[in-house]
Structures are given as structure tokens and as C-alpha cells.
Amino acid sequence: MRPKELYADRIKTLTEEIYQLNRHNQAVVVLELSAVALAVGCVVAYTMWSNIAALAVGALFIAAYVAIRWKDSQNSRLSEQKESLRSVYQKEVAYLDGDFSAFPSGDQYVDPHHAFTLDLDIFGPQSLFNRINRTVTTGGSDYLAKELAETRVRSIDEIERRREAIREMAEKEPLRAAFLAQGGERQIDTTAIMEALQEVQQLRISRLAAHRFTYVAALGGIIIFYGLLAGAVFGPLSGAVPMLWVLLEITAVYLLFGRTLKRVNRSINIILPRLGTYVGLIMQIVTSDLKSQEGHDIIKQLSADKQDALKSFRLLKGIIGDLDRRNEVWVPISNALYLADFFIVRRFLLWQDRYMMRIEDWIDAVSHFDALVSMATFRYNEPEATEAQLVDADEVVYEARGLYHPFLGQKAVRNDFSISDRHYYIITGANMAGKSTFLRSIGINYVLACCGMPVFADGLRVSLFSLFSSMRTTDDLAHGISYFNAELLRLQQLIETCRQNRHTLIILDEILKGTNSLDKLNGSQLFLQSVATLPVTGIIATHDLELSKMEQEYPDRFHNYCFEIQLSDKITYTYRLSEGVARNQNATYLLRNILKTAL
């Protein structure tokens with residue numbers, strides 16, 4: 001079953017199940033009201049006729065109400081889970097229809113100075129990140145962004161491990177859907193959780209409650225209280241004796257631990273709203289039974305030593321819950337009955353000692369898994385895409401058959417293209433003929449291949465090298481940087497990057513656009529001649545046909561390709577790459593038609 005068909009089938013099934021649960025919930029409300037009414041009737045009957053049987057039946061109705069209420073609560077939670085799961089599938093159907101608005105675009109990761117992400121539309125609305133991202137935590141989002149923007153040259157083994165993990169998780173559609181549904185509609189702020197936990201880690205409080213002697217003394221105090229209480233109820237002791245003892249206990253607990261509790265509560269209260277969800281995510285991960293090396297490592301990181309991560313977050317959730325339930329009325333009662341504040345502080349100290357140093361690693365593991373879910377979902381949603389063949393070669397290798405841009409889908413025109421190490425490819429063509437899109441196709445598919453994700457080509461064979469592009473240089477008036485100066489700074493950054501790497505593929509769109517034609521031509525030739533001395537391979541799109549003459553000067557290094565158009569009564573764009581130099585341009589043709597219409 002293809003992705004869209006599967007999603008539609010899941011939505012249909014879940015809609016029917018939600019409908020049945022809602023109908024059941026309506027019936028349950030009627031039963032609840034009936035049980036309450038009958039219980040009240042039995043109490044009235046007892047008060048009027050002192051009928052013990054009526055009181056017993058009333059107790060049964062109250063018990064029935066409690067059971068029905070519990071079942072109603074269970075059904076409500078199940079309905080919410082199914083609605084959340086249906087929402088996951090509805091978003092995926094929208095994605096396949098070309099609507100990515102439900103997913104974060106990654107605007108915060110846009111960096112004009114990055115080696116390639118701005119030029120290749122990696123971040124921002126309608127970007128690659130926007131299409132891939134399904135993360136339910138901000139940490140997962142950061143991890144995914146880091147992978148897509150990685151400039152370090154990875155190893156083949158590293159990519160193969162990632163590809164294995166993505167492949168396995170792509171086949172586990174129910175696992176991915178359940179994980180996304182568990183996350184809900186709002187991303188968990190991993191940074192806020194980490195900051196709160198770091199504050200907890202740095203919290204310096206008295207260790208008194210953690211000592212064994214104090215623990216024994218507290219238990220002894222509770223036993224003494226209940227002994228005095230029994231003596232007052234069943235023996236000769238005055239009731240003032242256990243009350244005095246309780247007063248001493250409450251005072252001691254308040255003086256020793258009251259301020260500590262306030263500091264702990266203030267530090268970790270921010271975690272409470274999302275902690276339940278986070279525990280659910282960890283549960284999904286540790287029970288996922290992944291066999292891939294990367295997936296298994298994540299599970300091991302979270303579940304080593306008897307599922308420490310799950311135990312830790314559950315314990316923390318319980319501590320925060322106890323803190324949240326404290327109020328002016330309950331505090332003296334709970335302290336009187338079982339020294340509640342003392343045991344909250346003790347549990348927190350023990351939790352801090354045992355788990356705090358591992359929390360950051362666990363959160364990183366959840367973020368890692370979260371990003372993998374996004375990458376695997378992308379693979380599943382794009383069954384037409386293929387896996388790149390990775391070549392272990394100390395040179396630039398890029399051989400593509402039927403290469404196309406992932407954003408274009410089925411309407412894309414596919415092209416074959418091969419790049420040889422330290423060779424340069426001058427691509428000419430008219431406006432809108434497909435030059436820039438083709439350049440981005442080369443870059444974005446290489447990024448996907450390096451991340452272990454599928455590529456959009458009939459076949460792609462690549463080695464591993466550094467990537468740098470210069471296609472969208474902009475001015476920066478706020479810092480007094482003109483367009484031309486910005487271009488120069490970008491080219492300087494390019495040269496520095498090339499010097500630091502063994503092999504670099506550069507992708508350039510119109511070198512030195514910010515100057516006049518002759519100066520631009522001379523500067524472009526000078527730049528290419530100079531950079532050709534470095535371990536660099538390049539693809540350069542240009543409207544300047546004179547630049548194509550470099551093939552005549554350096555036939556062993558420079559090669560001409562073009563996107564030709566056909567001019568007649570209308571312009572025909574083929575988007576087909578061919579060898580040679582473009583003959584037809586369209587700027588004058590298009591402008592003439594505009595003027596003819598406008599004037």
C-alpha cells in the first residue's frame with residue numbers, strides 16, 4: 001500500500017473508532033447520572049424508613065458510579081490518543097498534497113554565512129527541513145538541523161549506520177506514528193527542560209534528609225506518633241500527648257526542610273507540564289525493539305541498568321506531582337501523618353545523586369531518536385527516491401542518472417550528469433531555463449546522501465567531499481556591506497574552506513553579479529584560474545557566454561553544458577541538459593512581449 005493510501009485508510013479506521021468511543025462516552029454519562037440518582041434515592045429511603053438494605057444497595061450504586069467513572073476516564077484518554085494519532089496521519093496526507101504548513105519551517109536555522117544551506121533551500125518555508133521535520137522536541141529539531149547543515153566530511157561507515165537506522169524505522173510505520181502522536185501538537189521545549197535540570201543540578205541544599213540516621217529517626221518518629229495515638233485512643237494517655245508530638249514533628253520538618261522545598265519547587269516546576277509526555281516518549285523508545293546499530297545504541301543509552309532513564313523521569317514526575325499537590329491545608333496534615341515534606345526532600349536528594357549526571361545524555365538520546373523518526377518518515381513518504389551508492393575514493397566522484405530536484409516531484413525533468421575530480425563545468429542558458437534548479441539538485445541530493453536519506457535520481461554514485469555554494473549573496477546595509485562587497489567576502493570564505501579540505505565541490509551561480517559585464521568576465525576568469533590550483537571541483541552557471549571560452553583555453557579541465565530553449569511564437573523550455581553553449585536567450589523576447597501588452 002502506498003503512503004497516501006495507507007494514511008487515508010488509517011484516518012478512516014480511527015474516525016470510526018473515535019465515533020464509537022464518543023457514543024460510548026455519551027452512554028456512560030447517562031449511566032453515571034443514573035447511578036448517582038439511584039444512590040441518592042437509596043439514602044433517602046434509608047433516612048425515611050431506616051432500611052439497612054436500602055443503604056447497602058446505595059453503597060453498591062456508589063461503587064458502580066466509581067467503576068463507571070473510571071471506565072469513562074479510560075475511554076476519554078483512549079479517544080484523545082486516537083484523535084492525536086489521526087492528526088498525525090492527516091498531516092501526512094497534507095504533506096503528500098504539497099501542504100507543509102503543519103510542520104516547523106526551521107527559520108531559526110537560516111544562516112547566510114553557512115557553506116551551502118541558504119543557497120540550497122535547506123531551511124525556511126517550503127525548504128528541505130520543512131518537508132522532513134516531524135520532530136516533537138526542540139532538541140530533535142536541533143539535531144535534525146545539525147545533520148542537514150553538517151560541513152564535516154563523514155565516513156562511509158557512519159552514513160551506512162545512519163542509512164540502516166532510517167531504513168529500519170521507515171518500515172516501522174506504527175512505531176513512528178505512535179511516537180509522533182505521543183508528542184502531541186506542541187513541541188516539547190528541550191532547552192527549557194535542560195535549563196531547569198541544570199538549575200536543579202546546581203541547587204545546593206542540605207544533605208541531612210539523605211542520611212541513613214535521619215531516615216531511621218523519621219521512621220522512629222512516625223512509629224512513636226502512632227503509638228502515642230493508640231495509647232490516647234485505647235489507653236490512659238491524654239490526647240494532648242500525641243498532639244504535642246505532632247506539633248514538634250511539624251515544626252522540626254518546617255524548620256529543617258521548608259525552605260529547601262520552596263527552592264526545589266521553584267527550580268523544577270517548569271518541567272511539570274511536559275514531563276508526562278517526555279516519559280511517554282522514552283517508553284516508546286525503550287520498547288521499540290530496534291535492531292539497527294544506531295537504533296540499538298539509543299535504546300541502550302536510555303535503558304541500561306534496568307531502564308534507568310524511564311525510572312528516573314517517572315520518579316521525578318512523582319516528586320513534582322507531590323510538590324504540586326502541597327497546599328496550606330494539606331501540608332500540616334501530611335506531615336502529621338507521615339512526615340511528607342521530609343520524604344519529598346529525601347527522594348529528591350536520592351534522585352539527584354543517582355540520576356542527575358546522566359540526564360543530559362538521556363535527553364540527547366531522545367533528541368537523536370526524534371530526528372531519526374523525521375528522516376525515516378521522509379524516506380517512507382518518498383518511495384520513488386533511491387539510495388545513493390557511496391564510493392570510497394580520495395577524489396570528487398559524482399555520477400548521476402535521472403537526477404532531479406526533490407521539490408519538483410513527478411513533474412521534474414530528469415538529467416544525467418557526471419562530475420570528475422578537479423574539473424569545471426560551465427553551464428549556460430536563458431533565464432528560467434533550469435540552470436539554478438539543476439545546480440540546487442546537485443547540491444541538495446548530495447546533502448541527502450550524506451545524511452543517509454534517499455536521493456532523487458534513478459541512480460547516484462558519489463564519494464565524500466566538502467561542499468560550498470555561492471548562489472544567493474545579499475547585501476547587508478545594516479553593517480555597511482554592499483552587494484559587490486558581500487560577493488567578495490563570500491568568495492573569500494569559499495577559498496578558505498577549500499584550503500581547509502582535501503576535496504571540495506563548489507557550486508556557483510553568476511560569479512561577481514554586482515559589477516559591469518567586462519569587469520565581471522575578467523574577474524570570473526581570474527577567479528576560476530586561481531581556484532583551479534586548489535583541490536577543487538566546480539559547477540558554474542552563467543549568462544556570460546564569453547566565460548564558456550575557457551573550455552578552449554583549458555580543454556582538459558573546463559567543459560561547457562547548457563539548457564537550451566526554443567524560440568518561435570512562444571518560448572519552449574525543455575529543461576534538458578546538453579553539451580555545448582546556449583545559443584538562445586529570452587530576456588529581450590520576454591521584455592518585448594511585456595511592453596507590447598503594456599503600451
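# Close-up views of a predicted model

The structure holds five cavities of 30 Å³ or more. The coordinates shown in every view belong to a predicted model.

**View 1. The largest cavity and its lining.** About 130 Å³ of space lies in the largest cavity. Its lining is made up of 17 residues, and those nearest the centre are Glu150, Arg152, Arg154, Tyr446 and Cys450. Three elements, α4 (138-148), α15 and β6, each supply at least two residues of this lining. The largest share, three residues, comes from α15. By class, the lining of the largest cavity divides into 11 nonpolar, two polar and four charged residues.

**View 2. The largest pocket and its lining.** The largest pocket contains about 460 Å³ of space. It is lined by 23 residues, of which Tyr95, Leu96, Asn381, Glu382 and Gly409 are the closest to its centre. Two or more lining residues are given by each of α1 (3-49), α2 (52-96), α3 (128-132) and α14 (359-381). Helix α1 provides the largest share of the lining of the largest pocket, three residues. The lining of the largest pocket comprises 13 nonpolar, four polar and six charged residues.

**View 3. The six-stranded open sheet.** Six strands, in the order β6-β7-β8-β4-β9-β10, form an open sheet with mixed pairing. Strands β6 (466-470) and β10 (571-579) stand at the edges with a single partner strand each, so one side of each has no neighbour in the sheet. Averaged over the sheet and with direction ignored, neighbouring strands are turned by 15 degrees against each other. Helix α15 lies across β4, β6, β7, β8 (536-542), β9 (558-567) and β10, and runs at about 155 degrees to β7.

View 4. Seven of the seven residues of β8 are buried, so the strand is largely enclosed by the rest of the structure. In a regular strand, side chains alternate between the two faces of the sheet. Both faces of β8 are covered, with Val536, Gly538, Ile540 and Thr542 buried on one side and Thr537, Ile539 and Ala541 buried on the other. Strands β7 and β8 pair in the parallel sense over six bridges, and Leu508 stands opposite Ile540 in β8. Strand β4 is likewise parallel to β8, with five bridges between them, and Thr428 stands opposite Thr542 in β8.

**View 5. The four-stranded open sheet.** Four strands, in the order β1-β5-β2-β3, form an open sheet in which the pairing is mixed. The edge strands, β1 (389-390) and β3 (415-419), each pair on one side only. Strands of a sheet pair through backbone hydrogen bonds, either parallel or antiparallel. Two bridges join β1 to β5 (residues 459-462) in a parallel arrangement, where Leu390 stands opposite Val462 in β5. Strands β2 and β5 pair in the antiparallel sense over four bridges, and the bridge partner of Ala400 in β5 is Leu460. Strand β2 is also joined to β3 by four bridges, and these two strands run antiparallel. Here Leu403 has Asn415 in β3 as its bridge partner. Helix α15 lies across β2 (398-403), β3 and β5, running at about 110 degrees to β2.

**View 6. Loop residues with a positive phi.** Most residues other than glycine have a negative phi. Asp289, which is not a glycine, has a positive phi of about 55 degrees. This residue is placed in the loop between α10 (272-286) and α11 (293-324). Met432, also a residue other than glycine, has a positive phi near 65 degrees. Met432 lies in the loop between β4 (424-429) and α15 (435-450). The relative accessibility of Met432 is 55%, so this residue counts as exposed, the cut-off for exposed being over 50%.

Notes: Residues numbered from 1 in each chain as written. Predicted model: local features only at pLDDT ≥ 70, side-chain atom pairs only at ≥ 80, totals over all residues. Heavy atoms only, no water. Buried < 20%, exposed > 50% of the residue type's maximum accessible area, 1.4 Å probe, protein only. Pairing = 2+ DSSP bridges. Axes fitted to C-alpha atoms, helices over the stretch in contact; angles between N-to-C directions. Contact = heavy atoms within 4.5 Å. 1 Å grid on protein atoms, 1.4 Å probe; cavity = no way out; pocket = protein on both sides within 12 Å on 5 of 7 lines; lining within 4 Å. Points joined across faces, edges and corners; volume = space filled by probe spheres on them. Nonpolar A, V, L, I, M, F, W, Y, C, P; charged D, E, K, R; others polar.
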